Amino acid sequence: MNKILRKEQLSDEVWRMEIEVPHIARERKAGQFIILQVDVDFGERIPLTVADADTERGSITLVFQTVGATTHKLAELNEGDKVASVLGPLGRPSIIEKVGRVTCVGGGIGAAPLFPIVQANKAVGNHVTVVLGARNKELLIMEKDMRKTADEVIVCTDDGSHGRKGLVTEPLKELCESGTPPDGVVAIGPPIMMKFCAETTRPFEIPTTVSLNTIMIDGTGMCGGCRVTVGGETKFVCVDGPEFDGHKVDFDNMMKRNLAYKNSETRAHDSYHEAGECNLEKAARVMEKNNE
Amino acid sequence: MSEKTQLDKKAKVLLEGLLKEGELKAKDRLQIPQQQMPAQPSEERIKNNFEVATGYTEAMARVEALRCLQCVNKPCVEGCPVAIDIPAFIKAIAEARHNDAIGIIKQTSLLPSVCGRVCPQETQCMERCTLGKALKDMEKGVAIGRLERFAADLERESGKTVPPSIKPETGKKVAVIGSGPAGITFAVDVRREGHSVTLFEALHKPGGVLMYGIPEFRLPKSIVEKEIDNLEKMGVEIVPNFVIGRSRSLKSLLEEDGYSAVFIGSGAGLPKFMGIPGENLVGVFSANEYLTRANLMKAYDTERSATPISRGKRVAVFGGGNVAMDAARTAVRLGAEKVYLVYRRTEKEMPARIEEVSHAKEEGVEFLLLQNATKIIGDENDHVTGIECIRYELGEPDESGRRSPVPIGGSEFVMDVDSVIVAIGNESNPLIAATTPEIEVDKRGRILVDENNETSMRGVFAGGDIVLGAATVILAMGEGRNAAAAVNARMQSADSHK
Ligand SMILES: Cc1cc2nc3c(=O)[nH]c(=O)nc-3n(C[C@H](O)[C@H](O)[C@H](O)COP(=O)(O)OP(=O)(O)OC[C@H]3O[C@@H](n4cnc5c(N)ncnc54)[C@H](O)[C@@H]3O)c2cc1C
Ligand SMILES: Cc1cc2nc3c(=O)[nH]c(=O)nc-3n(C[C@H](O)[C@H](O)[C@H](O)COP(=O)(O)OP(=O)(O)OC[C@H]3O[C@@H](n4cnc5c(N)ncnc54)[C@H](O)[C@@H]3O)c2cc1C
Ligand code: SF4
Ligand code: SF4
Ligand code: FES
């Protein structure tokens, strides 16, 4: 159990790992996540989405970005090593229905958790358009998988090094304005991206689902650390989510809460990257500026 | 000389005198002073995480035991949810037959080193004690819990703990969901009958609240780990990181995995919030989150733990139970300069144990009684900067005779704090009920059970906080026992019908 069967580097800071956990491989559904630890005694518990699973091999696939201490330690493990603890599958599965046309937007690492949702939407017979975004070509992941699965794939990069130059909200807006607007939108990526995707679809009243990545501890509905405000009510991402109606989520509060432990955690990140700046945060800043 | 050494010296002198007197009369026993529990001085203990109360020495335990009047009608036993034969074990301690003492306790209680520390004795066994009544002060009754702890610690520290003997294997399998006191007790009792037992736990360490909630300084984790070790020695299989309802459905346990019975001890669930503005600001935590970071994730150990924890300088804790006290005292230990405990009623109504309340006060926690927060205030970054409170007064008595607090209009005031910990209780854990519709729950999500602790789904039993709402360790244990007895009987009759 928990043995790393395969490890692959997708980009500078992004890794794919296939881990043997038969019971999770068997039970998991699109949209669900796991919580893992690299060290049981003192390690942090971090949530990662199950990007894929293979019931025959009894394995799940995780795609993660190295942002802090735990993701860096995880990336240091090799094939054959064991991840100390893996709990799951957690959260409610995505609700996938045949609605017609669905646009799936993935920003940065968000492309990984988006993939099973794209697959599931195809499986029920929806027409799926994927919009993939990243800061530059090197950071773009999953393009090949998406092209194999979706009906249409639009790629954007902030610097124009691959695909269109610009943010994912631009093609999303064009799709909404087109003669064949999506009947539903799913957006997964940095909170700031999900916020602006929701803002983009709001005037068109297109149902927009987002998958929230809050801070979590137990992931079983015991601690309340993952709470967010949705439609004025407090919800718990690990048991009520992770997917919510993007038009109702209070993203500003969520983003501030995610930075609650920033000082202690950026310290950990910096000790791995002498350079200092965290990519996620940089991306978020660009996003915010461009949308002002 | 440390306080403990001094107390021990005094106790030794006293004990020698008492032993010389031969058979003690009731009035002699009434004269014996209650033995104080030695504790780390408050100015020292707030700088560490070690246990506050350090435990009786043998002399102190024997002196305390000699205070017991050995009442024939044993009122104390009625007050104990698991009916430990209290006078018998106390007599054994008085006579220095400590092995006998622990043997008597263990006939009915499985976790004496835990209960001796955390039982709310003042509302249970001690409340009924004749000695306390005679001295017109319940707190002056025989210190039953401290004696229980003494006997249990002595055995554990001797390393000679004998695991219960196990009957020949029956080949039958039973599953337990949750490794809190209810699950542990159930597992032991069923395993003793020779059934094979698998205990599933969602977290990475077994023990339930004993592990993630109650702080190290009140219940050292090494004690809980020892109890878990004993379970494993008995052959109970423990599966951590496995959440029933997600990793596997309850139904599959029964229908596909070959378990003949299941016990649900899944405990309390999502923390309650007050529904006031500002509760999702940065710096507002549920007590569960705060304590889980501190205990289970060992965040107090900044050198080694990867989990961060807020180290507020001015902390307000909302609530008046054990959980609130634990959170407040944890904040003190994490370096807060000022910790306030905001409670709507008066100290008399506080559900926390008397000992916790006085320990919290000694450690500098300031009690703001008959007050309640109405709003949490934040800055432009959504960081907590203060709370708005309102004062209360006690109104007319209601049907139960209790005077409930009513807010005084216009008495609002603002206090500067940088963190808020909400400790006003929990909802029931919803996962099992949500994924197993066959199991009936009440309006508050508590699982409904019959007198055998069996749920509406045959072969599925439940007990502890998931049935009782927020209760106590000893009640959870009692329920585990009750369910185990029913399961064991069911298995036996199934056999005899073959
Ligand atoms: C349901 C869910 C699913 C997720 N799925 C994935 C996934 O598939 N792949 C993936 O790479 N990440 C995913 N995340 C995010 C991932 O959990 C965090 O990146 C991880 O916890 C960081 O741990 P760390 O110890 O390496 O970094 P830390 O030291 O904890 O944090 C480093 C930096 O990242 C920021 N940060 C911390 N947690 C989060 C978060 N949850 N979201 C955004 N920023 C954060 C911190 O503010 C800090 O600046 C998911 C989160 C949730 C809640
Ligand atoms: C901070 C705090 C202080 C307290 N102080 C005292 C005190 O001083 N004295 C006292 O008597 N009582 C005290 N209590 C109350 C006492 O701890 C509880 O009443 C008792 O622990 C309940 O036991 P339980 O076995 O029902 O559940 P818990 O101890 O809550 O254990 C339940 C376990 O089940 C696991 N679980 C839940 N769902 C699943 C699932 N689906 N699959 C697998 N595992 C699952 C949970 O992770 C948990 O480990 C305190 C409680 C808290 C929170
Ligand atoms: S288990 Fe609790 S109630 Fe029973 S005797 Fe011990 S301290 Fe008293
Ligand atoms: S009631 Fe008190 S004095 Fe009487 S037997 Fe019980 S502990 Fe002893
Ligand atoms: S992570 Fe603890 S309640 Fe969601």
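**Exercise 1.** In this predicted model, state in which sense β4(B) and strand β16 (residues 460–462) of chain B pair, and over how many bridges.

*Solution.* The two strands run in the parallel sense, and their pairing covers 3 bridges. One residue pair can be named: Ile264(B) has Ala462(B) in β16(B) as its bridge partner.

**Exercise 2.** Find how strand β1 (residues 173–177) of chain B pairs with β4(B), and name the bridge partner of Ala175(B) in β4(B).

*Solution.* The pairing of β1(B) with β4(B) is parallel and has 4 bridges. Within β4(B), Val262(B) is the partner of Ala175(B).

**Exercise 3.** Determine which residues of strand β4 (residues 261–264) of chain B lie on each face, and whether they are buried or exposed.

*Solution.* Start from the rule that side chains in a regular strand alternate between the two faces of the sheet. In β4(B), Ala261(B) and Phe263(B) take one side, while Val262(B) and Ile264(B) take the other. All four are buried, so both faces of the strand are covered.

**Exercise 4.** Describe the make-up of the shell around ligand 4.

*Solution.* Residues around ligand 4 include Cys68(B), Cys71(B), Cys76(B) and Cys129(B). The shell divides into 9 nonpolar and 2 polar residues, with no charged ones.

Note on methods
Residues are numbered from 1 along each chain as its sequence is written. Chains are lettered from A and ligands numbered from 1 in the order in which they are written. This is a predicted model: local features need pLDDT of at least 70, side-chain atom pairs count only at pLDDT 80 or more; totals for chains, interfaces and linings use all residues. Side-chain values use heavy atoms; hydrogens and water are left out. A residue is near a molecule or strand if one of its heavy atoms lies within 4 Å of it. Ala, Val, Leu, Ile, Met, Phe, Trp, Tyr, Cys and Pro count as nonpolar, Asp, Glu, Lys and Arg as charged, and the others, Gly among them, as polar. Buried means under 20% relative accessible area, exposed over 50%, partly exposed in between (1.4 Å probe, protein chains only). Two strands pair if DSSP finds at least two bridges between them.
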